Structure formats: structure tokens, C-alpha cells
Amino acid sequence: MRDTDQQTPKDKGQRTTGNGQKITALAGGVGAAKFLLGLTRVMPPENLTIIANTGDDVEHFGLRISPDIDTVTYTLAGVINEATGWGLADDSFECLQWLARYDEATWFNLGDKDFATHIYRTNALKQGKTLSDVTRHISASLGVRSTILPMSDAYTPTRVQTDEGELHFQEYFVRRRCEPQVLEIRFDNIATAKPAHGVLAAIGDADAVVICPSNPFISISPILAVPGIRKALQQTAAQVIAITPIIAGQALKGPAADMLRDLGHEVSARGVAAMYQDFVNLFVLDEADAALQSSIAAFGMQVAVMNTLMKTLADKEQLARRVLALMA
Ligand code: FO1
């Protein structure tokens with residue numbers, strides 16, 4: 001439970017209600033994007049600010065790639081490849097195939113249209129623009145009405161220490177398909193990174209902050225590790241709501257369950273709640289895990305139980321509506 005503020009979660013929820021609520025979300029990639037799509041369909045998208053993980057960012061072929069920012073942006077713009085959850089719909093891979101002729105690595109599947117985003121970003125960064133500037137321009141150009149902020153303008157790539165040595169997160173995740181055992185995770189340059197402009201205010205001024213159903217180690221922890229962000233979450237008067245990324249001991253996508261195990265945490269939604277207990281007021285648990293409710297409440301959080309599986313657009317909207325109702 002936060003130590004700086006004695007308000008109960010219920011008191012916090014009474015600050016503002018209805019469509020005027022300002023909501024800030026901490027987001028990773030695919031799981032977060034699904035929830036945020038639902039959210040933007042049941043609330044005014046302009047009232048939503050998204051703080052996106054950039055720990056997954058990678059420099060590849062000399063280009064700066066920001067997968068989580070792009071996944072959220074493309075999803076909210078309606079141009080995401082729905083089959084994969086990342087990349088652009090109806091893309092082709094001619095450029096990558098041609099690169100293979102020069103013996104370049106092709107394990108990271110960059111589509112031809114997607115390349116344009118990375119070329120634009122890299123060029124703009126080279127010209128002195130910040131990642132925040134670039135992100136704003138790309139999202140505005142694609143018609144996204146919510147605000148998307150990178151967690152930081154600094155490049156802080158996630159390094160995964162494994163039984164095969166240290167790997168960039170994308171090498172661990174895509175090239176090595178999460179097969180190596182994870183020993184430790186660290187974020188380059190994080191000690192000197194600053195929250196991007198607007199990030200701390202978005203947390204401090206929100207009516208509610210939502211921690212999206214994202215991997216706690218490689219999607220949410222990099223955001224929390226930017227100096228000042230975790231403290232802002234502990235100190236905000238906003239209700240802080242986390243949605244479980246783990247259902248019945250399993251991650252819907254990606255290595256969250258393996259990482260909980262490898263890094264010595266309980267492999268359950270309770271294991272995730274324990275990681276967030278210093279700043280979360282309310283934990284959203286899947287109904288499959290209803291039995292964990294009282295032991296998570298013992299961390300000093302309220303617990304809400306609902307279906308958190310988001311297979312269809314209707315599921316995404318329903319989860320978003322139910323999470324919004326917790327704020328009313
Ligand atoms: N994920 C994969 O599993 N395989 C890929 O080849 C791949 C390429 C890729 C290219 C651009 C992009 O924005 C995302 C991409 N992703 C790919 C997804 C990405 O690795 C992860 O979803 C995130 O970094 C974890 O949130």
C-alpha cells in the first residue's frame with residue numbers, strides 16, 4: 001500500500017466521474033493495445049494519455065525501431081496487422097527479402113510499409129527531434145486522437161541476461177523465441193534517463209492510472225525504472241488500477257509466466273500484484289483466478305474480478321467499460 005497517502009481507493013474514485021475523466025495508461029505492446037483499443041471506443045479518446053514502454057526499442061539495419069509505441073499507435077489507428085498483433089496490415093516483405101541477398105539477418109520481420117515508420121523516425125531523430133516529437137507526429141498523421149508519450153526520450157534498451165549470455169530483448173524474444181533461461185533483466189542508461197515531457201504530469205493530474213495487462217518485467221518495469229515514475233505513481237492522488245496479464249498461471253502471450261518462474265516470483269496473478277503493491281490501489285483479476293482475491297487484498301489493494309480475456313472487439317470494449325465502472 002502506498003505510504004504517502006492515506007486516502008482509500010474508494011475516496012480516490014470519487015474525484016471525478018463520467019466522460020470527463022482523464023485517464024493515463026502505462027502500456028507495453030499487444031495486450032496493452034487490445035485493452036486501449038477497447039478503452040478508446042467507450043470513452044473520449046482525447047482524455048486518454050498512454051505512456052509507452054521503450055525498453056523494447058532496438059537499432060536494427062541502422063534504424064531506430066520502437067515496437068511498443070508502434071503497436072499501440074497502429075492499433076489505435078486501425079492499421080495494425082491483426083493476425084500478429086504487431087506490424088502493419090497488408091504489408092509485404094520485399095525489402096527484407098532483398099536484404100537477405102546481402103546476407104543480412106532477417107529474423108526481425110520488418111514489413112515494407114513498416115520500414116517507412118522506422119526510416120522517418122531515424123531521420124527525424126538524426127535531425128535533432130526527440131522521440132516524443134516523432135511519436136506525436138506519427139500518431140497525429142495516422143489519425144490517433146489519444147496522446148502517446150514514450151516513457152523517456154532516452155534510448156534505454158532492455159538487456160536480458162540468459163544462460164546463453166546477454167541478449168537484447170528482441171534477440172531473446174524474436175530470434176531466440178524466449179528459449180534461453182532468464183537470469184536477470186537490466187535497462188541500459190536507465191539511471192540517467194528522464195521521463196519524457198508530460199509523463200509525470202500525466203500521472204499526477206490523472207483521475208485514474210491504468211497499468212495495462214502487459215508483461216511486468218519487460219513492458220511495465222522499464223517504465224517504472226525511469227527515475228521519478230514509480231514515485232509519481234506512489235504519490236498521485238489518482239486511483240491506480242492494474243489489470244492482470246496472467247490468467248490461471250499463464251500469460252496470454254509472451255514470456256511473462258516463464259519470467260516470473262525464472263526470476264523467483266510466484267507464477268500467478270498474485271505474483272504480479274506483489275510486484276505492484278507499493279503503488280496499485282485496485283487489482284483486476286480474471287474470474288478464473290477468483291480464489292486469489294483475498295490473498296491479493298492482503299497486499300492492501302482492492303480486488304475486482306471479471307473476464308479479462310480479450311478475443312473479440314466486444315471483449316475489449318466490455319473489459320474497458322468494466323474497468324471504467326470501477327472508477328465511478
Ligand atoms: N515479434 C515477433 O514475434 N517476430 C517478429 O519478427 C517481430 C517483428 C516486429 C517488427 C516491428 C515491430 O514493431 C514489432 C515486431 N515484433 C515481432 C513484435 C515485438 O517483438 C514484440 O511484440 C514486442 O517488442 C513485445 O511487446
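**Checking the words**

Tutor: Let's start with helix H5 (residues 112–126), which has 15 residues and reaches 21 Å from its first C-alpha to its last, close to the 21 Å expected at 1.5 Å a residue. Keep in mind that this is a predicted model: local features need pLDDT of at least 70, side-chain atom pairs count only at pLDDT 80 or more, and totals for chains, interfaces and linings use all residues. Residues are numbered from 1 along each chain as its sequence is written, and side-chain values use heavy atoms, leaving out hydrogens and water.

Student: What makes H5 a helix, and where does the expected 21 Å come from?

Tutor: A helix is a DSSP run of H or I with at least four residues, a strand is a run of E with at least two, and both are numbered from the N terminus. H5 has 15 residues, so it passes the cut-off of at least four. The expected span is 1.5 Å times one less than the number of residues, and for H5 that gives the 21 Å.

Student: Which residues of H5 are buried, and how do you know?

Tutor: They're Asp 114, Phe 115, Thr 117, His 118, Arg 121, Thr 122 and Ala 124. Buried means under 20% relative accessible area, exposed means over 50%, and partly exposed is in between (1.4 Å probe, protein chains only). Those buried residues pack against strand S4 (63–65), helix H3 (67–77), helix H4 (94–101) and helix H6 (131–141). Just after H5, Gly 128 takes a positive phi of about 100 degrees.

Student: Why is Asp 57 called buried?

Tutor: Asp 57 has a relative accessibility of 0%, which is under 20%, so it counts as buried. You'll find Asp 57 in the loop between S2 and strand S3 (58–60).

Student: What does Asp 57 contact, leaving aside its neighbours within four places in sequence?

Tutor: Contact means heavy atoms within 4.5 Å. By that rule, Asp 57 is in contact with residues including Arg 64, Tyr 155, Pro 157 and His 168.

Student: And why is Ile 246 called buried?

Tutor: Again, the relative accessible area is 0%, under 20%, so Ile 246 is buried. Ile 246 sits in strand S11 (residues 246–247) and touches, among others, Ala 251, Leu 260, Val 272 and Asp 289.

Student: How do S6 and S7 pair?

Tutor: Strand S6 (residues 158–162) and S7 run antiparallel and are joined by four bridges, so they meet the rule of at least two. Thr 162 has Gly 165 in S7 as its bridge partner. These strands belong to an open sheet of three, in the order S7-S6-S8.

Student: What makes a group of residues a nonpolar core?

Tutor: It's a set of buried Ala, Val, Leu, Ile, Met, Phe, Trp, Tyr and Cys residues joined through side-chain atoms within 4.5 Å. The largest core has 50 residues; Leu 26, Val 209, Ile 211, Leu 233, Tyr 276 and Phe 283 touch the most other members. H9 gives the largest share of this core, five residues. Apart from it lies another core, of 35 residues, among them Leu 37 and Ile 50. In soluble globular proteins, nonpolar side chains tend to be buried together.
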